[in-house]
Amino acid sequence: LMFEATDRKFANIVKAALTRVERTLECNYEAVKDDLARVSFPRLSDDTICTTMSQVYDRAACAEPPKAHVYAKLIVYLVKGSGHHGDRFRRAVLDCCQRQLKQPFRLQDPDGNPLPP
């Protein structure tokens with residue numbers, strides 16, 4: 001069953017998928033992808049796309065290795081599997097990368113605290 005999602009509904013579905021990845025020890029990417037595949041999103045605002053991709057990107061950048069690949073696969077799925085929105089999703093990911101590259105690099109301890117220079 002496929003249904004059409006509004007901006008708000010789409011954002012909530014993606015947020016639920018991210019939470020599912022975060023809380024599950026052995027995350028099943030295919031199950032999360034299937035949840036997203038059931039949603040049709042013909043009219044999404046640029047703001048919703050940017051916010052959503054930023055959330056996925058930020059989690060991928062900060063995730064532990066076993067989960068980072070799942071978030072990365074979700075980004076690829078959203079870019080490639082979103083039909084005519086693909087270019088908009090791709091642009092949002094590139095914007096996230098540029099934002100990250102512009103930030104100064106800081107070493108951190110395992111708890112996320114900055115290390116002295």
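Biologist: Among contacts between residues at least 6 apart in sequence, what share join residues at least 24 apart?
Modeller: That share is 70%, where contact means heavy atoms within 4.5 Å. Keep in mind that this is a predicted model, where local features need pLDDT of at least 70 and side-chain atom pairs count only at pLDDT 80 or more, while totals for chains, interfaces and linings use all residues. Residues are numbered from 1 along each chain as its sequence is written, and side-chain values use heavy atoms, with hydrogens and water left out.

Biologist: Thanks! How many helices and strands does the chain have?
Modeller: There are five helices and two strands, running β-α-α-β-α-α-α from the N terminus. Both kinds are DSSP runs numbered from the N terminus: helices are H or I with at least four residues, strands are E with at least two.

Biologist: And what percentage of the residues are buried?
Modeller: Buried residues are 32% of the 117 in the chain. Buried means under 20% relative accessible area, exposed means over 50%, and partly exposed is in between, using a 1.4 Å probe and protein chains only.

Biologist: Now helix 1 and helix 3: at what angle do their axes cross?
Modeller: Roughly 5°, and the axes of helix 1 (residues 7-23) and helix 3 (residues 46-62) come within 10 Å. The axes are lines fitted to C-alpha atoms, for helices over the stretch in contact, and angles run from 0 to 180 degrees between N-to-C directions. The two helices are therefore roughly parallel; angles under 35 degrees count as roughly parallel, over 145 as roughly antiparallel, 65 to 115 as roughly perpendicular and the rest as oblique.

Biologist: Which residues meet there?
Modeller: On the helix 1 side they include Phe10, Val14 and Leu18, and on the helix 3 side they include Thr52, Val56 and Arg59.

Biologist: Which residues of helix 3 are buried, and what covers them?
Modeller: The buried ones are Thr48, Ile49, Thr52, Met53, Ser54, Val56, Tyr57 and Ala60. Their cover includes helix 1, helix 4 and helix 5.

Biologist: What about cysteine 97?
Modeller: The closest cysteine sulfur to that of cysteine 97 is in cysteine 96, at 6.9 Å, which is too far for a bond. Cysteine 97 is partly exposed, with 28% relative accessible area.

Biologist: Last one: where is leucine 78, and what does leucine 78 touch?
Modeller: Leucine 78 is in helix 4 and is buried, with a relative accessible area of 3%. Leucine 78 touches Phe10, Leu36, Met53, Val56 and Phe89, not counting residues up to four places away in sequence. The C-alpha atoms of leucine 78 and methionine 53 are separated by 8.6 Å, although these residues are 25 residues apart along the chain.

How values were computed: Disulfide = S-S within 2.5 Å.
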